[in-house]
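Trainee: Could we go through this structure together, setting each label against its definition?

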Amino acid sequence: KVHLIRKQRLSHQKHRKGEGSMNKTFQWNGEKFYFSALEAETTRKFIPEATKTAKALEDYEKDVVGVGNLLSADDIIAECKIIDAFLDTILGEGAVEKMFKGYDLGERVAATQKLTRLNNAQVKEYGEAASKGLFA
């Protein structure tokens with residue numbers, strides 16, 4: 001019975017602090033990072049940085065690699081560093097060092113896609129909650 005009351009109290013405290021049920025943790029390779037798409041600085045950075053990163057990758061492949069050509073080891077490292085700049089900007093300086101060992105482009109693409117899905121899910125969840133009204 002005490003355990004149940006304690007659990008309810010902790011649940012109430014979470015809601016009182018505004019933490020609700022929204023997942024605000026991005027996890028990769030056992031490392032956890034706070035992430036809130038609705039935090040002002042994240043909102044300010046996410047779309048512009050994502051757009052800049054996509055353009056930098058596109059330009060690199062067009063200008064250096066050549067469309068349709070295979071990536072060399074140096075190309076993979078260069079593209080990893082482009083993605084790393086995005087992830088460190090969004091998750092905090094040093095995040096990439098904690099997330100990855102070596103230069104695995106596929107892993108970075110998968111991590112970025114996962115982060116984007118988390119961002120989109122948070123925005124969607126907020127939109128659904130906001131449509132019910134503040135005091136729903």
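Mentor: Lys45, Phe46, Glu49, Ala50, Thr53, Ala56, Leu57, Tyr60, Glu61, Val64 and Val65 in helix 2 are in contact (heavy atoms within 4.5 Å) with Asp74, Asp75, Ala78, Glu79, Ile82, Ile83, Phe86, Thr89 and Ile90 in helix 3. The model is predicted, with local features needing pLDDT of at least 70 and side-chain atom pairs pLDDT 80 or more, whereas totals for chains, interfaces and linings use all residues. Residues are numbered from 1 along each chain as its sequence is written, and side-chain values use heavy atoms, leaving out hydrogens and water.

Trainee: Why are helix 2 and helix 3 called roughly antiparallel?

Mentor: Helix 2 (residues 40-65) and helix 3 (residues 73-91) pack at about 170 degrees, their axes 9 Å apart. Angles over 145 degrees count as roughly antiparallel, and the pair is therefore described in that way.

Trainee: What makes up the largest nonpolar core?

Mentor: Such a core joins buried (under 20% relative accessible area, 1.4 Å probe, protein chains only) Ala, Val, Leu, Ile, Met, Phe, Trp, Tyr and Cys residues through side-chain atoms within 4.5 Å. The largest has 20 residues, and those with the most contacts inside it include Phe35 and Leu87; helix 3 supplies the largest share, 6 residues.

Definitions and conventions: Axes fitted to C-alpha atoms, helices over the stretch in contact; angles between N-to-C directions. Helix = DSSP H or I, 4+ residues; strand = E, 2+ residues; numbered from the N terminus. Parallel < 35°, antiparallel > 145°, perpendicular 65-115°, else oblique. Buried < 20%, exposed > 50% of the residue type's maximum accessible area, 1.4 Å probe, protein only.
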